[in-house]
Amino acid sequence: MAIVINNTRPINGDDSQKWIEITVNVDGDDCKFTHTAPSDLSGDDLQSYVDGREDFYKRELLRNMYSGADAYDSSLEDFEAWVSAGAKNAEVSKEIPAVEAKDAVYEDVEVSPAGERQKVVVTEVEEEVTSTVIEKNSSGKYVEKEVTETVTKSSEEPQFEEVPLYHANGQPKKDDDGNPVMHKIPLMEEYEAVTESRLVSAAVEAKDAEQIIISPEKAIEKKAWVDSH
């Protein structure tokens, strides 16, 4: 008989099942294992029942012996093949796909719209500015003296143009000498919109495909089975 039945005992509060204490040989070890069986089975019927579940018992024992095994959810046949092959979890790797190089993409964004403004003439004027300073001379004495320097100052002069002035009836207005009366209005000029280049998407550097190891091949150490009876 493949499975040795050592003892049976009732389960308190459950008349349909009973405990069975069995010995199962797996991976070269005789393991004492406690499980359940229908309470109405005995003798040859009980032996046939446990023999029919031999693969189940063995796989459960292997799961306990090799915790974390790749073959944990595999069939008994595959689990035993994994053990025979050295009980090693396979290397897990992942391919990082190649990356194609891309140039940065920019777009022109209007930050100030076009418009019209009064024309201004900027004039630069040089002026001499005198100030009093105190300096230490070569003999160690502090001397007060005046220093003159030339500075450049900018002045902005708004520009105007003269246009004829009219009476309310549409007739030109004239002075006592018969000359047209002129009126100053701002001299306007158009200016362009101000734009700036803004980054839409950054440049991408080309990269070759790469295989990276997530977890290396690893041998799973067998844990000794602890008999349950």
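Analyst: The dialogue below takes these features one at a time. Please note that this is a predicted model.

User: Let us begin with helix H3. Which residues of helix H3 are buried?

Analyst: An α-helix has 3.6 residues a turn, so residues three or four places apart point the same way. In helix H3, which spans residues 76-84, the buried residues are Leu76, Phe79, Trp82 and Val83. Viewed down the axis of H3, these buried residues fall within an arc of 120°, so they line one face of the helix. Glu77 and Ser84, on the other side of H3, are exposed.

User: What covers the buried residues of H3?

Analyst: The cover includes helix H2 (54-65) and strand S4 (88-89). Just after H3, glycine 86 adopts a positive phi of about 115°.

User: How should I read salt bridges, and how many does a search of the whole structure find?

Analyst: Side chains of opposite charge can pair when their charged atoms come close. Here the search of the whole structure finds 10 salt bridges. One of them joins glutamate 54 to lysine 58, with the closest N and O atoms 3.0 Å apart. Because glutamate 54 and lysine 58 are 4 residues apart in helix H2, about one helical turn separates them.

User: Are glutamate 54 and lysine 58 buried or exposed?

Analyst: Both glutamate 54 and lysine 58 are buried. A second case is the salt bridge between the side chains of lysine 145 and glutamate 135, at 3.0 Å from N to O. That pair links distant parts of the chain, with lysine 145 in strand S9 and glutamate 135 in strand S8 (residues 120-136), 10 residues apart. Lysine 145 is partly exposed, its relative accessible area being 38%, and glutamate 135 is also partly exposed, at 37%.

User: Which residue forms a salt bridge with glutamate 196?

Analyst: The partner is arginine 198, and the closest N and O atoms are 2.8 Å apart. Glutamate 196 has a relative accessible area of 36% and is therefore partly exposed; arginine 198 counts as partly exposed at 39%. Salt bridges can also join into a network, as they do for Asp27, Asp29 and Lys222.

User: What does glutamine 159 touch?

Analyst: Glutamine 159 sits in the loop between strand S9 (142-158) and strand S10 (160-164). Beyond residues up to four places away in sequence, its contacts are Gln118, Lys119, Val120, Val121, Pro186 and Leu187.

User: Finally, which residues make the nonpolar surface patch?

Analyst: Val92, Ile96, Ile212 and Ile214 make a nonpolar surface patch of about 300 Å². Strand S5 (92-96) and strand S14 (210-215) each supply at least two residues of this patch. Valine 92, located in strand S5, counts as partly exposed at 39% relative accessibility.

Notes:
Residues are numbered from 1 along each chain as its sequence is written. This is a predicted model: local features need pLDDT of at least 70, side-chain atom pairs count only at pLDDT 80 or more; totals for chains, interfaces and linings use all residues. Side-chain values use heavy atoms; hydrogens and water are left out. Patches are made of residues with over 30% relative accessible area and no salt bridge: like charges are joined within 9 Å, nonpolar side chains (Val, Leu, Ile, Met, Phe, Trp, Tyr) within 5 Å. Accessible areas come from the Shrake-Rupley method with a 1.4 Å probe; for residues, only the protein chains shown count as cover. A salt bridge is a side-chain nitrogen of Lys or Arg within 4 Å of a carboxyl oxygen of Asp or Glu. Buried means under 20% relative accessible area, exposed over 50%, partly exposed in between (1.4 Å probe, protein chains only). The arc is that of the directions from the helix axis to the C-beta atoms. Contact means heavy atoms within 4.5 Å.
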